[in-house]
Structures are given as C-alpha cells and as structure tokens.
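Trainee: Hi, could we go through this one together? I'd like to talk about pockets and strands.
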Amino acid sequence: MERQCSTNLREGFDHNRYNRRLFIRLYDSDMSQSSDLIQSAQRTIRLEVEAVQSLLPHIDADFVRACEMILASKGRVVVVGMGKSGHIGNKIAATLASTGTTAFFVHPAEASHGDMGMITRDDIILALSNSGSTNEIVTLLPLIKRLGIQLVSMTGNPNSPLAKAAEVNLNVHVEHEACPLNLAPTSSTTAALVMGDALAVALLEARGFTAEDFAFSHPGGALGRRLLLKVENVMHAGQELPQVQRGTLLKDALMEMTRKGLGMTVILEADGKLAGIFTDGDLRRTLDRSVDIHSATIDQVMTVHGKTARAEMLAAEALKIMEDHKINALVVGHTEYREVGALNMHALLLAGVI
C-alpha cells in the first residue's frame with residue numbers, strides 16, 4: 001500500500017513537471033511569434049519609408065511640367081488605373097477634387113466599353129500603372145492619341161509603353177515591395193499615393209487655394225460649417241429676440257427672458273439703439289448684491305452696450321469673441337449699436353460650430 005502511494009506521488013510530481021515544461025515551451029513559442037510579427041511590421045514600414053524617400057529625386061522638371069499642364073488645362077483631370085493602382089487612383093482623384101482641381105476616376109476597362117465618352121479633348125488623363133504595361137490602359141492609348149487628349153503617366157518603369165506614350169511621366173519606381181515575395185503591391189502603391197498627394201498640394205498652392213475654398217468642397221463637414229456658416233444664419237431675431245426698453249422693471253425683464261428662453265435680453269434706447277444687455281450671469285451677480293428684483297430697474301443692473309457681433313461675421317468668429325471674453329451670449333448689431341439679433345452658445349452648438 002505504501003509502495004503504491006509512493007508511486008502515485010512520484011507520478012504526480014512528474015506530471016506537474018511535464019506541465020511546467022509544456023507551459024514554458026508554449027510561452028516561448030508565443031513570444032517568438034510576437035517577435036516575428038513585430039519585426040515583419042517594422043520591416044514593412046522601413047521599406048515603405050525608403051520608397052517614399054526615393055521619390056524626392058523624381059520631383060523634377062517632369063513633375064513641374066505635369067503641374068503646368070494641369071494648371072493650363074480648361075478641362076478636368078481624369079484618373080485611370082487597374083487593380084491596386086485603381087484604388088490609389090480613386091483616392092488621388094478625390095484629393096485633387098477636394099483641393100481645387102476638378103478630377104474624377106474612370107475605370108479603364110469600363111472606358112473601353114463606353115466610358116471614354118465621359119472624357120473630352122480638353123481633359124488631361126492621369127494614368128497609373130506600376131509596370132506601365134497594363135493591358136486595359138495600353139488598349140486606350142491609340143484612342144487617347146487620336147482624340148488629342150493630353151496624357152500624364154505615373155509608372156515605376158519610365159521605359160514602358162505607357163510612359164513613352166505620355167507627354168510626361170511621373171516616376172514612382174521602387175526597388176522592393178514590402179511584400180517578402182516582392183509581389184504584392186505595397187511599397188509601389190504607397191509611392192504612387194504620396195506622389196499623388198505631392199501633385200495635389202503643389203497644385204493647391206499654385207492656385208492660391210484657401211481654407212474657405214476647401215470648405216466649399218466640404219460643406220457637410222465640421223470645417224465647412226466653421227468656415228461657411230455666418231452669424232445671420234444662426235442668430236435669433238424678430239419675435240425670437242428678447243428685448244426691453246430702458247426703465248423697464250427688472251422683474252419684467254426677467255419675464256421677457258423666460259418667455260424667449262435665450263438666457264439674456266437686450267435693452268434698447270427709445271430710438272432703437274442698443275443700450276445694454278442683461279444675461280443669466282448678470283442676474284447671479286445682481287442677487288449677490290442683494291438687489292430687490294421687484295423694485296429695481298433694468299438700467300441699474302444691465303451691462304452697458306456689451307459685446308457685439310456683426311450679422312455678416314462668420315459664426316466661428318463670434319464663437320471666438322465669446323471664448324475670449326468668457327461669455328455665453330452676444331448681441332448682433334450694425335453700426336451705431338443698432339441691434340438686429342442675438343446669438344448664444346446653444347445656437348452655435350446646435351449649428352455644429354462648436
């Protein structure tokens with residue numbers, strides 16, 4: 001019986017040691033795999049950084065010529081590309097279009113089946129192909145030449161059929177793809193994308209493209225709202241504007257504020273000029289001073305004139321005035337302090353300016 005127990009204990013000990021060794025091997029294996037993944041990712045990034053850096057010598061007279069052609073064109077930039085180059089071409093077209101250069105993407109296979117009708121003689125075609133010999137694009141070259149459409153190519157092979165057919169070629173050659181098989185488009189597509197960005201930004205600066213111009217291309221975005229929306233588009237005016245005359249009792253002014261729900265009221269002279277403003281903040285300060293709200297007049301507690309904005313001012317500018325002076329409301333007026341409306345933080349928040 002004792003011998004059996006001893007055997008079981010020994011076997012239990014051996015089993016635990018086996019489990020520990022197995023855990024160590026699995027842990028080492030996981031650590032090794034993690035290290036391999038990190039090294040692979042870092043190698044990919046290094047190779048793509050090198051591919052981008054190799055573009056710098058290619059920003060040369062050909063690049064300048066391509067920019068000059070596009071700037072002088074009366075038409076659009078039509079971007080074409082197959083496969084991964086097509087995806088990059090789509091992005092380049094979108095970037096050009098949003099930065100002041102009218103552009104769109106056409107799939108070269110579809111162009112051979114009717115979509116060439118979308119392209120006019122005034123347009124410029126920007127064709128992407130890393131090899132420069134993509135069949136679907138090469139097939140279009142005779143027609144492009146016959147129509148007299150200007151062609152800019154973006155290839156990794158300046159001796160390719162596409163590069164030779166183009167008026168100018170943007171060289172995006174890379175030594176190695178990040179793919180360890182040197183097959184999957186990785187470094188080459190990154191290089192093409194960066195060259196497209198360089199082209200778009202150079203054209204943007206040459207055109208004197210402004211932030212406001214950008215906003216017109218992005219009216220639905222936050223930047224568009226900040227750069228296009230004016231105070232007159234969001235202010236409260238007319239019957240919505242809380243207003244009282246000089247000499248009004250404070251308690252009556254508070255009732256006007258409650259009815260209009262803006263947390264403020266403007267105070268007017270008899271001739272309609274702005275005398276002052278009274279806000280929720282002024283009310284708190286008034287209560288701190290133990291002023292009798294039933295007998296006091298608005299003249300005793302208002303802020304004389306107050307900060308104002310112009311109706312034609314950008315809403316973002318009005319927001320900055322509020323932020324700089326730590327206030328939540330502005331009177332909107334013209335010259336001589338004549339009021340036309342009011343603006344508060346809540347209105348800017350609802351409009352998406354904040």
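Trainee: How much space lies in the largest pocket?

Mentor: About 390 Å³. A pocket here is an open set of points on a 1 Å grid over the protein atoms alone, with protein on both sides within 12 Å along at least five of seven lines, and lining residues have an atom within 4 Å of a point. The volume is the space filled by probe spheres set on the points, which are joined across faces, edges and corners. Keep in mind that this is a predicted model: local features need pLDDT of at least 70, side-chain atom pairs count only at pLDDT 80 or more, and totals for chains, interfaces and linings use all residues. Residues are numbered from 1 along each chain as its sequence is written, and side-chain values use heavy atoms, with hydrogens and water left out.

Trainee: Which residues are closest to the centre of the largest pocket?

Mentor: Thr279, Gly281, Ile327, Asn328 and Ala329, out of 19 lining residues. Strand E8 (274-279) and helix H13 (280-288) are the elements that give two or more residues to that lining. H13 gives the most, five residues. Helices (H or I, at least four residues) and strands (E, at least two) are DSSP runs, numbered from the N terminus.

Trainee: OK, E8 then. Which strands does E8 pair with?

Mentor: Strand E7 (residues 264-268) runs antiparallel to E8, joined by five bridges. E8 also pairs with strand E9 (residues 303-304), again antiparallel, over two bridges. Pairing takes at least two DSSP bridges between the strands.

Trainee: What is the bridge partner of threonine 265?

Mentor: Phenylalanine 278 in E8. On the E9 side, glycine 276 stands opposite valine 304. In the hairpin of E7 and E8, with five residues between the strands, glycine 272 takes a positive phi near 90°.

Trainee: Why is E8 said to be largely enclosed by the rest of the structure?

Mentor: Because six of its six residues are buried. Buried means under 20% relative accessible area, with a 1.4 Å probe and protein chains only.

Trainee: Switching topic: what gives the largest share to the lining of the second largest pocket?

Mentor: H8, with three residues. The second largest pocket holds about 170 Å³ of space, and Ser85, Leu128, Ser129, Asn130 and Ser131 lie nearest its centre among 14 lining residues.

Notes: 1 Å grid on protein atoms, 1.4 Å probe; cavity = no way out; pocket = protein on both sides within 12 Å on 5 of 7 lines; lining within 4 Å. Buried < 20%, exposed > 50% of the residue type's maximum accessible area, 1.4 Å probe, protein only.
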